[in-house]
Amino acid sequence: MIIKIEAIVREDKMEDVIEALNAIEVNGITVSQVMGHGVQKGYAELVRGQEVIINLIPKIKFEIVVSSEEWEKKTIEAIRAAAKTDEVGDGKIFSYELKSALRIRTGDTGYDALNP
Ligand SMILES: Nc1ncnc2c1ncn2[C@@H]1O[C@H](COP(=O)(O)OP(=O)(O)OP(=O)(O)O)[C@@H](O)[C@H]1O
Ligand SMILES: [Mg+2]
C-alpha cells in the first residue's frame, strides 16, 4: 500500500521535524511554505466589498510518501513528537492511500519507486 502523509506544522518546528524524519530514515520529503488556519479561524473583514479571512498564518507543509502502514505510523509518530508544543496551532497530520508512485529515472512504480 502506498500512503501519502501531509503534515502542517509551525514554521519554527521545521528543523526539528526534518531531523526527526532523517533519524527514522524516510526515503524522501517535500517541504513547502504555506498559509492556513485551523479551528481558531481568522476574523472576517471586507476587502473591496468581499468578506475575506485576513489572518492566515504561515506554516510549513511536509509531504512524505511511504510504502506501508508500518511506515505511515512510524512517520506520523516522529512528526508529532517533533512538532508538538501543546499550544493551539501545533498543526495537523493527514494521511491517505495513494493511487500510484513512479520514479522518473527508472520507470519503477509502486513499492520499487519509493525504495532504493
Ligand atoms: N481541517 C483542515 N484542513 C486543512 N488544513 C488544516 C485543517 N486544520 C488545520 N489545518 C492546517 O493546519 C494549520 C494549523 O492548524 P491548527 O493547529 O491551528 O489546527 P486546530 O484544529 O485549530 O488545532 P489547535 O486547536 O491545536 O490549534 C492551519 O494553519 C492549516 O494550515
Ligand atoms: Mg488552531
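Me: Quick one to start: is R103 buried, partly exposed or exposed?
Reply: In this predicted model, R103 is partly exposed, with a relative accessible area of 21%.

Me: And what does R103 form a salt bridge with?
Reply: R103 forms a salt bridge with D108, and the closest N and O atoms of the two are 3.1 Å apart. D108 is partly exposed as well, its relative accessible area being 26%.

Me: How many salt bridges are there by this rule?
Reply: The count comes to 8 salt bridges. One of them joins E63 to K4, where the closest N and O atoms are 2.7 Å apart. Because E63 belongs to strand β5 and K4 to strand β1, this pair ties together parts that are 59 residues apart in sequence.

Me: Are E63 and K4 buried or exposed?
Reply: Both E63 and K4 are buried, and by the cut-off used here that puts each of them under 20% relative accessible area.

Me: What else does E63 form a salt bridge with?
Reply: E63 also forms a salt bridge with K61, with 3.8 Å between the closest N and O atoms. Through salt bridges that share partners, K4, E6, K61 and E63 are joined into one network.

Me: OK, changing topic to the sheet: what order do the strands have?
Reply: The sheet is open and has 4 strands in the order β2-β5-β1-β6, with antiparallel pairing. Strands β2 (30-36) and β6 (91-97) stand at the edges with a single partner strand each, so one side of each is left without a neighbour in the sheet. From one strand to the next, the twist averages 25 degrees.

Me: How many bridges join β1 to β6?
Reply: Strand β1, which covers residues 3-10, is joined to β6 by 7 bridges, and the two run antiparallel. Within that pairing, I8 stands opposite K92 in β6.

Me: Which residue in β5 is the bridge partner of I8?
Reply: In β5 the bridge partner of I8 is K61, and β1 and β5 pair over 8 bridges in the antiparallel sense. On the other pairing of β5, 7 bridges join β2 to β5, again running antiparallel, and there T30 stands opposite E63.

Me: Where do the helices pack? Start with α1.
Reply: Helix α1 (residues 14-23) packs on the sheet, where it touches β1, β2 and β5 (57-66), and its direction makes about 10 degrees with that of β5. Helix α2 (residues 69-83) packs on the sheet too, touching β1, β5 and β6, and its direction makes about 0 degrees with that of β1.

Me: What sits over the ring of W71?
Reply: The charged end of K74 sits over that ring, 4.0 Å from the centre of the W71 ring.

Me: How many aromatic pairs turn up in the whole structure?
Reply: A search of the whole structure finds 0 aromatic pairs.

Me: Last topic, the backbone: what is phi of E25, and where does E25 lie?
Reply: Phi of E25 is near 60 degrees, a positive value in a residue other than glycine, and E25 lies in the loop between α1 and β2. At 60% relative accessibility, E25 counts as exposed.

Me: And D86, where does that one lie?
Reply: D86 lies in the loop between α2 and β6, and although D86 is not a glycine, its phi is positive at about 80 degrees. D86 is exposed, with a relative accessible area of 61%.

Conventions: Residues numbered from 1 in each chain as written. Chains lettered and ligands numbered in written order. Predicted model: local features only at pLDDT ≥ 70, side-chain atom pairs only at ≥ 80, totals over all residues. Heavy atoms only, no water. Pairing = 2+ DSSP bridges. Axes fitted to C-alpha atoms, helices over the stretch in contact; angles between N-to-C directions. Contact = heavy atoms within 4.5 Å. Phe/Tyr/Trp six-rings, centres within 6.5 Å; stacked < 30°, edge-to-face > 60°. Lys NZ or Arg CZ within 6 Å of the ring centre and 35° of its normal. Salt bridge = Lys/Arg side-chain N within 4 Å of Asp/Glu carboxyl O. Buried < 20%, exposed > 50% of the residue type's maximum accessible area, 1.4 Å probe, protein only.
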